[in-house]
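Me: I am new to this structure and would like to know what the terms used for it rest on. Please go through them one by one.

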Amino acid sequence: MLIPQRVVEWRKLTGPQQNPMTALTKYARLEATGLWRATPEAQRREVIVSIGDATLVISDLKDQALTHWSLAAIERANAGQLPALYHPDGDPGETLELPDDETQMIEAIEKLRRAINRSRPKPGRLRWMGMAASVAVVAALAVFWMPGALRDHAIKVVPDVKRTSLGTALLKRLERVSGPACESAGGSAALSRLSKRLEVGRVAILPDMTRPSLHLPGRLIVLDRAVLEDHEEPDVAAGYVLTEDVLRVEHDPLRALLEAVGLRENFRLLTTGDISSEALDAYAEQLLLRPAANKPQVDMQLARFAKAELRSTPYGYARDITGETTLPLIEGDPMSGKLTAPLLSDADWLRLQNICGG
């Protein structure tokens, strides 16, 4: 017959606890009776079980210790069943059976096992947390760093001939809406002489553009025909050309294109040397529908007029007939009070004004 359960000490634990044993806060020491077997072949014997600071002590009926089990290494062989059957971790042959009337001891051991399990490091959880953090870093790089880095690299390595090709491709798409670029024997020659005089790249005239001017990759500047036809002197058209040239220097048109078409097209440009027709179509539509996104710095603008020996006053009044919003261009005219050579002969200017057929 089993010895009745006896509780040796029932005192509250006080003060902060520094290990998982704090789960057993009701008792400092608890005893119960059970059946212990050292090996599967050994005879089961009646023992006294007590809880120490870090071990489960198994003693004979004379209170002589038979073995100590580490509380951190106790496994239960029949979870949720009674009588409770325990064994040391890694040695299922040595067993301890606690009958169903030893509920306090069983509850105490289970409480300790839960506390110890909670305190153990979770390598799997840490591994998943590390993987999640790595994925987050990679995603952040992909979202925030990679597009800019890829775009910057493309801007550095794309050759001028490719920039020119992209500018021409965009011009063709603008022509679908505005109509073909204006050309005539005399007008095209006059336009070429104006471009050379202003020291800019190519200049194209479209018959029905939704904005007076814009610039494209490859040093291509596009003017609406009204810039030529609505003004009596070529200084206004030249002012639009120079302003777009300043904007080209301050805001690379290739960068604007790559920002608009996105990461996929940036990668396509680097790997194949092309941007898809669909992306170019969409960007050309944006150029026609949206107003100019940037304004040049006035000091840079005036410096460019000075380099070309061109008056900025006619352009300033063409942009605002009152002169209120363009006052810096009018008051800061670098050619004010100076004699300047004509940009074009009267004949060339008339030919240029009629390049789109009058």
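**Terms and their grounds**

Reply: This is a predicted model.

Me: What makes the buried residues of α4 line one face of the helix?

Reply: The buried residues are G187, A190, L191, L194, S195 and L198. Viewed down the axis of α4, they fall within an arc of 140 degrees, so they line one face. A185 and K196, on the other side of α4, are exposed.

Me: What covers the buried residues of α4?

Reply: The cover includes β8 (202-206), α6 (234-250), α10 (298-307) and α13.

Me: How do you know that the reach of α4 is close to what is expected?

Reply: α4 has 14 residues, and at 1.5 Å a residue a span of 20 Å is expected. From its first C-alpha to its last, α4 reaches 20 Å, which is close to that value.

Me: Why is the link of C182 and C356 called a disulfide?

Reply: The term requires a pair of cysteine sulfur atoms within 2.5 Å, and those of C182 and C356 are 1.9 Å apart, so the pair qualifies. The structure holds one disulfide. With 100 degrees about the S-S bond, the link is right-handed. C182 sits in the loop between α3 (160-178) and α4 (185-198), and C356 in the segment after α13 (346-353). The two cysteines are 174 residues apart, and the pair links distant parts of the chain.

Me: Why does C182 count as buried?

Reply: Buried means under 20% relative accessible area, and C182 has 11%, so C182 counts as buried.

Me: Why is E102 called buried?

Reply: E102 has a relative accessible area of 1%, which is under 20%, so E102 is buried. E102 lies in the loop between β7 (95-98) and α1 (103-119).

Me: What makes the pair of E102 and T33 a polar contact?

Reply: The cut-off is 3.5 Å, and the side chains of E102 and T33 make their contact at 2.8 Å, so the distance meets it.

Me: Why is R219 called partly exposed?

Reply: Exposed means over 50% and buried under 20%; R219, at 38%, lies in between and therefore counts as partly exposed. R219 is in the loop between β9 (213-216) and β10 (220-224).

Me: Which residues does R219 touch, not counting those up to four places away in sequence?

Reply: R219 touches E199, V200, G201, R202, D245 and R248. A polar atom of the R219 side chain lies 3.5 Å from the backbone oxygen of E199. R219 and R248 are 29 residues apart along the chain, with 7.6 Å between their C-alpha atoms.

Technical notes:
Residues are numbered from 1 along each chain as its sequence is written. This is a predicted model: local features need pLDDT of at least 70, side-chain atom pairs count only at pLDDT 80 or more; totals for chains, interfaces and linings use all residues. Side-chain values use heavy atoms; hydrogens and water are left out. Helices (H or I, at least four residues) and strands (E, at least two) are DSSP runs, numbered from the N terminus. Buried means under 20% relative accessible area, exposed over 50%, partly exposed in between (1.4 Å probe, protein chains only). A polar contact is a pair of N or O atoms within 3.5 Å; within protein, one must be able to donate a hydrogen and the other to accept it, and residues adjacent in sequence count only if both atoms are side-chain atoms. The expected span of a helix is 1.5 Å times one less than its number of residues. The arc is that of the directions from the helix axis to the C-beta atoms. Contact means heavy atoms within 4.5 Å.
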